[in-house]
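Work through the exercises below with the sequence and the coordinates open. Each task is followed by a solution in steps.

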Amino acid sequence: MTLAGPRPATVPSAVRFADGVLYALDQAALPWSERELALRDAEQVAIAIERLQIRGAPLIGVAAAYGLALALAADPGERALLAAHERLRATRPTAVNLTHALERVRAAALEAAEPRRAAAALAQARAIEAEERAASASIAAHGARLLAGARRLLTHCNTGFLAAPGRGTALAVIAEKADREQLELVLATETRPLLQGARLTVYELSRLGIEHRLIADSAAAGLIASGAVDAAIVGCDRVALNGDVANKVGTYAIALAAHAAKIPLVVAGPTSTIDPRIESGEEITIEERGEDEVRRLRGVELTLPGTPCRNPAFDVTPAALVSALVTERGVAEPPNAATISALLHR
Ligand code: MRU
C-alpha cells in the first residue's frame with residue numbers, strides 16, 4: 001500500500017472530556033465513518049465500552065474513570081457511587097486497567113466530603129488520563145531502543161492512539177521506530193472476529209504514514225516461519241505477576257509461531273495493565289462474547305444461521321513465550337516474577 005505524506009506531529013484523541021461530557025471517537029464505526037459520541041452519564045459510558053465503541057485496555061480504564069465522575073456529578077451519594085462503580089466494572093472482565101482506574105476514582109471520591117466528590121473524581125480521572133499519556137511516550141522510547149535492529153514487525157489487534165491515551169502501546173513503539181527511520185514494513189493481522197486490525201490498526205498506520213500490509217490472521221504463522229518479519233509486538237489486557245499475558249485472541253498462536261521461528265515476541269503496555277493480585281495467567285478471567293460476532297460480519301451471514309459458536313475475546317500467552325514486557329518504567333526481559341516485581345518497585 002502506498003501511503004500518505006509525512007507523519008503528523010499529533011494524533012487525534014480517542015476520548016476527551018469537556019463541559020461535563022465525555023466525547024469518544026466511535027470505534028465501532030471506524031474506519032468508514034469518523035463520528036464522535038457524546039456521553040453524558042455512566043450508563044452511556046458503560047454501553048459504549050460494552051459495544052467496543054470505546055476499547056483497548058488503557059482507554060477503557062480512562063473512559064470508565066470519567067464515567068464514574070459523571071455518575072458522581074449526578075448523585076454524589078455513596079450508594080450511587082458503588083452502583084455506578086459496579087456497572088462500569090462489569091462491562092469488560094479481562095482488562096485490569098478498568099478495575100485499577102475505577103478503584104482510584106472511587107477512593108479519591110470517598111476521601112472527599114459529599115459536595116466535593118464529583119470534583120475529586122474528575123480530578124482523579126484527569127490524572128489517570130495524563131499518566132497513561134505519559135506512559136505511552138515512555139513505552140515508545142523503551143520499545144524503540146529494545147527493537148532498534150528490527151525493521152519488519154508484525155502486530156495484532158489494535159494498540160495505537162485509538163486504544164490508549166497518547167500514541168498507544170505496541171503501536172506507539174512502531175510509530176517511534178518509524179520516526180527514527182528504523183522501520184521498513186508492518187504486517188497487521190485483521191483480528192477476527194471484530195477486525196480491530198483491519199479496521200483500526202490499518203486506519204492508524206495510514207494516518208501515521210507507516211508502510212504496512214494487512215494479512216489474514218491465518219497467514220501470520222506461515223509468514224513468521226518464512227522470515228517475513230524480524231519481531232512481533234503486541235499490547236496486553238492483563239499481565240500476571242509471573243509474566244503470563246492476556247491479550248486479544250490469536251496472540252497465543254502468534255507467540256507460538258514466533259518462538260518456533262526464534263524471533264522475539266515483545267509485549268507493550270503500561271504498568272496499570274499488571275495485576276498485582278494474580279500470580280499466574282490461570283487466574284485471568286477471559287471474556288466470552290456473543291456468538292453472533294463469529295456467525296456474522298457487518299450483518300453478513302458467514303455460516304448456517306444458528307450455528308453454535310465459541311467467542312473468547314482474549315487468550316493467555318505463557319511468560320515463557322514472551323521475550324520482553326515493555327512498560328513506562330522500563331523493560332522486564334524476560335518477564336518473570338523477579339523482573340516484574342523489580343519493575344513494580346521501581
Ligand atoms: O477487545 P479489545 O479490542 O478491547 O482488545 C484490545 C486488545 O486486546 C489490545 O491488544 C490491548 O487492549 C492493548 S491496547 C493498547
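Two strands pair if DSSP finds at least two bridges between them. The model used here is predicted.

**Exercise 1. State the strand order of the open sheet and identify its edge strands.**

Step 1. The open sheet has seven strands, in the order 6-5-4-7-10-14-15, with mixed pairing.

Step 2. An edge strand pairs on one side only, which holds for strand 6 (212-215) and strand 15 (330-332).

Step 3. From one strand to the next, the twist averages 25°.

**Exercise 2. Decide whether the faces of strand 7 are covered or open.**

Step 1. Take strand 7 (residues 231-234) one side at a time: Ala231 and Ile233 lie on one side, Ala232 and Val234 on the other.

Step 2. A residue is buried under 20% relative accessible area. All four of these residues are buried, so both faces of strand 7 are covered.

**Exercise 3. Classify the packing of helix 3 against helix 4.**

Step 1. The axes of helix 3 (residues 78-89) and helix 4 (residues 96-111) come within 10 Å and cross at roughly 170°.

Step 2. Angles over 145 degrees count as roughly antiparallel. Helix 3 and helix 4 are therefore roughly antiparallel to each other.

Step 3. Residues making the contact include Leu81, Leu82 and His85 of helix 3, and Leu98, Leu102 and Arg106 of helix 4. By class, the contact residues comprise seven nonpolar, two polar and four charged.

**Exercise 4. Which residues of helix 9 are buried, and how are they arranged around its axis?**

Step 1. In helix 9 (residues 251-261), the buried residues are Thr251, Ile254, Ala255, Ala257 and Ala258.

Step 2. Viewed down the axis of helix 9, these buried residues fall within an arc of 165°, so they line one face of the helix.

Step 3. An α-helix has 3.6 residues a turn, so residues three or four places apart point the same way.

Step 4. After helix 9 comes lysine 262, with a positive phi near 60°.

Notes
Residues numbered from 1 in each chain as written. Predicted model: local features only at pLDDT ≥ 70, side-chain atom pairs only at ≥ 80, totals over all residues. Heavy atoms only, no water. Helix = DSSP H or I, 4+ residues; strand = E, 2+ residues; numbered from the N terminus. Axes fitted to C-alpha atoms, helices over the stretch in contact; angles between N-to-C directions. Parallel < 35°, antiparallel > 145°, perpendicular 65-115°, else oblique. Contact = heavy atoms within 4.5 Å. Nonpolar A, V, L, I, M, F, W, Y, C, P; charged D, E, K, R; others polar. Buried < 20%, exposed > 50% of the residue type's maximum accessible area, 1.4 Å probe, protein only. Arc of directions from axis to C-beta.
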